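Biologist: I have a chain open on my screen and would like to go through it with you. Shall we take it piece by piece?

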Amino acid sequence: MRILHLVLGLAVAGLLASCGGKESGYVIEGTVDGLSDGMVYMKQYTDKEFMDADSAEVVDGHFIFRGVCREPMAYGLTTKKDDRRPAVFFLANERMEVTLDETSGSISVTGSEVNDFYFANSGKVGDDGFDMDSLVAANPSSAVCAYFIMKDYSWRCDYAQLKSIRGKLDKSLDGSFYVKQIDAYLARLAALQVGATAPDFTLPDAEGREVSLSSFRGKYVLVDFWAGWCPDCRKANPSLVKLHDKYKDDNFTILGVSLDRSREQWLGAIKKDGLTWTNVSDVKGWHSEVAALYAIRWIPTSYLLDPDGTIVMVSSDMDDIAGKLEELFRR
């Protein structure tokens with residue numbers, strides 16, 4: 001069995017002090033329903049994806065992880081090494097018992113206060129109308145709340161709303177992983193408000209030619225962040241085609257910026273969905289520098305720019321985009 005202690009090159013004593021948990025590190029005693037032998041892989045959720053962190057051998061249906069964490073953070077467990085959607089739980093310096101059911105993709109955790117709070121809310125935070133303000137106000141020191149804000153809430157709200165809820169988090173979380181992400185995201189959003197000039201970028205198009213956003217000056221341009229692997233994006237594409245066809249003779253065009261990881265999947269989606277406008281991509285998925293530049297946390301997301309390159313609106317809602325174009329072109 002291989003155990004990695006996740007100390008990240010820091011002194012164990014320092015890590016223990018920063019966690020403040022009851023255990024001197026974490027112990028995960030687990031079972032896997034329906035699997036007697038094999039491997040369990042632990043993956044850390046960092047920024048919109050899971051990264052390999054540790055692994056443990058399954059013996060007679062049981063496995064164990066031991067280590068030390070700096071702060072409570074979201075992780076996933078799976079028996080599939082390349083699984084991009086492992087069963088999520090919160091890792092903290094606690095002793096916990098875990099049951100992993102790969103058939104249903106579910107996980108249960110007992111003996112962990114942080115996971116009691118996480119699982120009590122994880123199924124609700126993505127619902128429309130969920131009162132995130134009240135949850136944070138009642139639990140301002142919770143790292144789980146900071147995670148919920150960054151993962152499930154940040155892309156749903158505007159700059160002012162996100163800044164307000166960030167202000168409700170306790171100062172004890174300043175410098176923690178998810179709060180640092182929130183602060184960095186707010187800093188990027190501050191430069192992307194309506195009325196600001198959209199930052200320029202250059203990416204290769206489907207034929208490999210370098211295309212700059214600034215080359216579209218003089219036209220209204222909808223910068224559409226999407227991906228061929230994204231179901232919501234593919235669902236929105238027919239509406240985009242209709243908008244393009246309706247307004248393409250009115251000094252309007254679309255620039256598609258793909259967050260695909262596969263060139264074949266990207267080009268296949270362009271052809272199948274009939275996306276006749278310019279499409280560009282660095283084929284880096286969520287690691288795209290342009291996606292980071294535009295503070296993209298959810299796709300599809302579109303920026304509508306006027307002929308001077310000024311941001312007119314930012315939206316993930318096709319009805320909102322259609323309404324704004326109708327207002328601009330009065331038809």
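Biologist: Which residue in E6 is the bridge partner of Ala74?

Modeller: A caution to begin with: this is a predicted model. Ala74 belongs to one face of strand E5. E5 is joined by five bridges to strand E6, residues 87-91, and the two run antiparallel. The bridge partner of Ala74 in E6 is Phe90.

Biologist: And which residue of E5 is the bridge partner of Tyr41?

Modeller: Look at strand E2, residues 37-45. Four bridges join E2 to E5, and this pair runs antiparallel. In E5, the bridge partner of Tyr41 is Thr78.

Biologist: How many of the residues of E5 are buried?

Modeller: Take the strand face by face. In a regular strand, side chains alternate between the two faces of the sheet. On one side of E5 sit Met73, Tyr75 and Leu77, and on the other Ala74, Gly76 and Thr78; all are buried. For residues 73-78, then, the count is six of six.

Biologist: At the start of H4, which backbone nitrogen does a side-chain oxygen of Ser142 reach?

Modeller: The contact is made at the start of the helix.

Biologist: How far apart in space are Asp127 and Asp152?

Modeller: Asp127 is in the loop between helix H2 (113-122) and helix H3 (132-138). Asp127 is partly exposed, at 44% relative accessibility, whereas Asp152 is buried in H4. The two are 25 residues apart in sequence. C-alpha to C-alpha, the distance is 9.3 Å.

Biologist: Why does Thr253 count as buried?

Modeller: Thr253 lies in strand E12, residues 252-258. Beyond its neighbours up to four places away in sequence, Thr253 touches Phe216, Lys219, Tyr220, Val221, Leu222, His244 and Trp277. The buried class requires under 20% relative accessible area. Thr253 counts as buried because its relative accessibility is 13%.

Biologist: Lys219 is among those contacts. What is the distance in space between Lys219 and Gly323?

Modeller: Gly323 is placed in helix H10, residues 318-329. Gly323 is partly exposed, with a relative accessible area of 33%. In sequence, Gly323 and Lys219 are 104 residues apart. Their C-alpha atoms are separated by 18 Å.

Biologist: Ala295 is found in the loop between H9 and E14. What is its phi?

Modeller: Ala295 is buried, with a relative accessible area of 7%. Its phi is positive, in a residue other than glycine. The value is near 55°.

Biologist: Is Val283 buried or partly exposed?

Modeller: Val283 is in the loop between strand E13 (278-281) and H9. Its phi is near 55°, a positive value in a residue other than glycine. The buried class stops under 20%. At 25% relative accessibility, Val283 counts as partly exposed.

Biologist: Step back to the whole protein. What percentage of its residues count as buried?

Modeller: The protein has ten helices and 15 strands. Its C-alpha trace spans about 65 × 40 × 35 Å along the principal axes. There are 331 residues, and the buried share is 48%.

Biologist: And how far apart do the centres of the positive and negative side chains lie?

Modeller: The protein exposes about 15700 Å², with carbon and sulfur atoms supplying 49% of that area. It has 37 positive and 49 negative side chains. The centres of the two sets are separated by 4 Å.

Terms used:
Residues numbered from 1 in each chain as written. Predicted model: local features only at pLDDT ≥ 70, side-chain atom pairs only at ≥ 80, totals over all residues. Heavy atoms only, no water. Buried < 20%, exposed > 50% of the residue type's maximum accessible area, 1.4 Å probe, protein only. Pairing = 2+ DSSP bridges. Areas by Shrake-Rupley, 256 points an atom, 1.4 Å probe, with all protein chains shown as cover. Lys, Arg positive; Asp, Glu negative; His and termini not counted. Charge placed at Lys NZ, Arg CZ, Asp CG, Glu CD. Polar contact = N/O pair within 3.5 Å; in protein donor to acceptor, adjacent residues only side chain to side chain. Contact = heavy atoms within 4.5 Å.
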